[in-house]
Protein chains: 2
Amino acid sequence: MKIIVDAMGGDNAPASNVRGALAAVKELGVEVILVGQGEEILKVLKEDGIGDLPPGLEIAHASQVVEMCDNPATAFREKKDSSLTVGLNLLKSGGGDAFVSAGSTGALLSAATLMIHRVKGIRRAALAPVVPTGKGGAVLIDCGATAEGTPEYLLQFAFMGSYYAERVLKRPEPRVGLLNIGAEPSKGTDLQREAHALLTAADKAGRIRFVGNVEAREAVYGEVDVIVSDGYSGNIFLKTMEGTGGFISKQLKSIFMKNIFTKLAAVMVAGGLKEFKKMMDSSEVGGTALIGISKPVIKAHGSSNDYAIKNAIRQARDFAASGMIDDLVENIEYMKLSAGEG
Amino acid sequence: MKIIVDAMGGDNAPASNVRGALAAVKELGVEVILVGQGEEILKVLKEDGIGDLPPGLEIAHASQVVEMCDNPATAFREKKDSSLTVGLNLLKSGGGDAFVSAGSTGALLSAATLMIHRVKGIRRAALAPVVPTGKGGAVLIDCGATAEGTPEYLLQFAFMGSYYAERVLKRPEPRVGLLNIGAEPSKGTDLQREAHALLTAADKAGRIRFVGNVEAREAVYGEVDVIVSDGYSGNIFLKTMEGTGGFISKQLKSIFMKNIFTKLAAVMVAGGLKEFKKMMDSSEVGGTALIGISKPVIKAHGSSNDYAIKNAIRQARDFAASGMIDDLVENIEYMKLSAGEG
């Protein structure tokens, strides 16, 4: 298994990308191609006392870098020798099995869609992070790749999320829920009502396990394995979780820093807090799968450190090994409102 | 100031409603009319050793109770002698200045809209809770009174939320943000893009202080005083906050209950945790304002205890005293897309 890693994308690039890749090669049984400015990559290795490229690690030179100020829709075309474009071309030509980037989400999304293409019949690719829940996490699909929703998009997201949960997260018969503001099928807007009917039919046909609408609170508690949502609402859900988690962490920190007794208390619960922090930490998951593209693409968090990059590579490996893209291709007929439009 | 309280609505009715009303009469300088089954109300008072109605507390008898199984859209009409219908009739006829109910949200919303009516020109009434944020809370409008959104609804929600924040929460020049998935005006769906243009125009005209799009994370951190949203997304935001808060609380509890040291730690930070809990506790606010109706209506939380009911009565008092409904009436022309449709 060979993973292509954008060495130049992200807040801590190229250092964290290079070090994360090194760790992945050592620990995860994968080969990695680092795509980016060769001299920059070698500089990081040299800083770590590594003179020669270790076995399993290659460099593919790309002279340009996609910056946050570039137009995300066209960056890959305007900067043909960017790590993004060179990396995705490698993926396309079969030079590697999956692609990981911590660079601009918008640029990655556009480039992957236009260069690698969606699975035939899939209307929209979706960003599907694994969010922490009371029961070990759930796939949230979509969290903002496409703001607008249609019932057919949601039907496809449900299949894509279900395959991902089953094949990559190893959840047998994953419970699929439609994010909504009430449990009854009549709740929400026309979008949710129509999607509810489509998902119910897919469940009756035995193709997914649709457990009905799920309210945001119950979704956080872990009532389902897959949270199906239009990109706008999914993004609100994800960012509210992150915001609330961050807000509470900050409050807790100030509670523990108050005086010598509270500081002592912090020491006493340090183990538990560390475990909890790990559970809530997005760097544990590594990145967000871009599902619906015909090859595996992982968006790592922009602020990824070495550890998060390594975990994103692990996730890319599992995604590529899962065979779930074949599932999409084989079952695409059941994911359409009407045949022949694909 | 006289507040009409539905004595029969909510999980702890009538006990908490009666006791909350008693506390309000004693502490808040208001009179209260308890609407409901007279003998049930007197029974609660008797249990507390109160034989005669204290000054400031009245009972208006209503023989029926709206139950959760009643059709929310028609319950007030089918149960004409319910505490909901009798209470709202009292409000309509000027027998009191505001109405508080902890009963079914849907039934209250329908009844208030159809019996008391919206302010002329207001398209939809909105549920506007004050959510805890890093900066003392923000008005979230709408959190689910109407699932569907239109640009005009959002424009009106922005005005309503702004008046409420200024007049009731005493925030001078409240910062109004549009809940969205990015800061740029081009972000979101057509709904947000069109609303952004309307809110920008209202800001330029000096009528509200629109600070632009606000992402869910920044909204939680307290970047704005008013979070404008369609009811579907607002509900996702609110329930995700509640869910994440509840999930983290549960995890923390288990961390503190682990062993004798962690239990000792819990004692050491008990003061800080209590303060924090108070900040996150919805019973501190009391209830959710139903804004856009021509008289003040407060929806108290279904699980309200005595303390939450008292605070909901306080909120109803402040709402009624604020004069913000007059603001709506006076400024309605600026809140319409086209004149004469009201």
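Leaving aside its neighbours within four places in sequence, which residues is B:Thr113 in contact with?

**View 1. Surroundings of B:Thr113 in the predicted model.** Beyond the neighbours within four places in sequence, B:Thr113 is in contact (heavy atoms within 4.5 Å) with B:Arg118 and B:Ile293. B:Thr113 belongs to helix H5 of chain B, residues 105-116, where helices (H or I, at least four residues) and strands (E, at least two) are DSSP runs numbered from the N terminus.

View 2. An automatic or database domain assignment divides chain A into domain 1 (1-122 + 292-323 + 332-342) and domain 2 (123-290). The C-alpha centres of these two domains of chain A lie 24 Å apart, and 29 residues of domain 1 are in contact with 25 residues of domain 2.

**View 3. Polar contacts and the domain 1 side in chain A.** Between domain 1 and domain 2 of chain A, nine residue pairs, both at pLDDT 80 or more, are in polar contact (a pair of N or O atoms within 3.5 Å; within protein, one must be able to donate a hydrogen and the other to accept it, and residues adjacent in sequence count only if both atoms are side-chain atoms). On the side of domain 1 that touches domain 2, the elements giving two or more residues are helix H5 (105-116), strand E12 (297-300) and helix H13 (306-322) of chain A. H13(A) gives the most to this side, with eight residues.

**Notes.** Residues are numbered from 1 along each chain as its sequence is written, and chains are lettered from A in the order in which they are written. In this predicted model local features need pLDDT of at least 70, side-chain atom pairs count only at pLDDT 80 or more, and totals for chains, interfaces and linings use all residues, while side-chain values use heavy atoms, with hydrogens and water left out.
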